[in-house]
Amino acid sequence: MKLAGFPGIGKSTLALSAPRPLHIDVDFGIDRIAPRYRVPYIQPASYQEILDDLKAENLTDFDTLVFDTGGKLISLMSLWAIKQNAKYGQRDGSLSLKGYGFVGKEFVRLMDYCFYDLKKNIIVVFHAVEEKDGDNTKLRIKVEGQTKFSMMFCHSAVATNLENMKLLSYLKYTDKDGTQRDLTLGQVNGRLVLVDDSMPYEDVYEDDEYQYTQYTSYVLGDGAFEFTDVGAEVPYETDRDPNLNGGTDFLYSRQRWCYAPYGISFTQASMESESPTDEELENGDNWNLVSTTKDGETTYLNDKVIHIARILSRG
């Protein structure tokens, strides 16, 4: 069960009314619960402590596990994941895109373990925050480390239909004369919308009779594109000028970077030029999922961790 709401409204107290609960207080919020409603609890400082504590022999007196809060649980899980493998983290300590995928799978594994193996009821308590969507205010579950689809590209026909359904609104600005004007940037449920009539569309026919126009839109999540170090053939080399200042040593450094979609490789399978043309970049034969080959067996990246979604619609 998922239980969410604003801080201080009694979410934890309600959750602890479940049958024979163990309060897993990862948020260290026991002091905010009235003493008469408190139950046996643990306050793990790390995700490894949770794994060590959640053993069948330790839980014979409990029927329900209350994780309070889910957001803090995922934060601890994220730190644990980075310790397991440095590739799951970034330089600033946050999760990498691979880390998001790993933590998501670990969260599902933990819930399955508690429910199917330990045979316990599960309640996960979440905080919720307000988000503005035009004139509307909505609640969003606060989950540290969650992946968020944050940008959409669509044709103006799609944008117009969304606007007519009051799902899309345009950002506004006020000019120097005090006049408020629409920007060409829209938003749907807090996600930025870029309208571009070069987005793909095609007329669909059946028995040579026109049926409808199908439009392609794309939604991108955080980290869908990376600024990637592609290396250099000679990244470093040295030189010396004996005539300069009595002898001077020089170190030359070369770096090459490019923007690239995460998890998708440019294979150059159908290229004639040394540098790809626009047509070659548009050719799907030149792209494939990132893969590794070991002992003759090729393993491809799970496409679920690539935060790019295609939407086909009739406008």
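Reader: In this predicted model, is Arg-254 buried, partly exposed or exposed?
Author: The relative accessible area computed for Arg-254 is 39%. Buried would require a value under 20% and exposed a value over 50%, so with 39% Arg-254 is classed as partly exposed.

Reader: Over how many bridges do strands S14 and S15 pair?
Author: Strand S14 covers residues 236–241 and strand S15 covers residues 248–253. The two form a hairpin with 6 residues between them, and Asn-245 in the turn has a positive phi of about 50°. Within this pairing, Thr-238 has Leu-251 in S15 as its bridge partner. The strands run in the antiparallel sense, and the number of bridges is 6.

Reader: What is the N to O distance in the salt bridge between Arg-240 and Asp-249?
Author: Arg-240 counts as partly exposed at 47% relative accessibility, whereas Asp-249 is exposed, with a relative accessible area of 56%. A salt bridge needs the side-chain nitrogen within 4 Å of a carboxyl oxygen, and the side chains of Arg-240 and Asp-249 meet with an N to O distance of 2.9 Å.

Terms used. Residues are numbered from 1 along each chain as its sequence is written. This is a predicted model: local features need pLDDT of at least 70, side-chain atom pairs count only at pLDDT 80 or more; totals for chains, interfaces and linings use all residues. Side-chain values use heavy atoms; hydrogens and water are left out. Two strands pair if DSSP finds at least two bridges between them. Helices (H or I, at least four residues) and strands (E, at least two) are DSSP runs, numbered from the N terminus. Buried means under 20% relative accessible area, exposed over 50%, partly exposed in between (1.4 Å probe, protein chains only).
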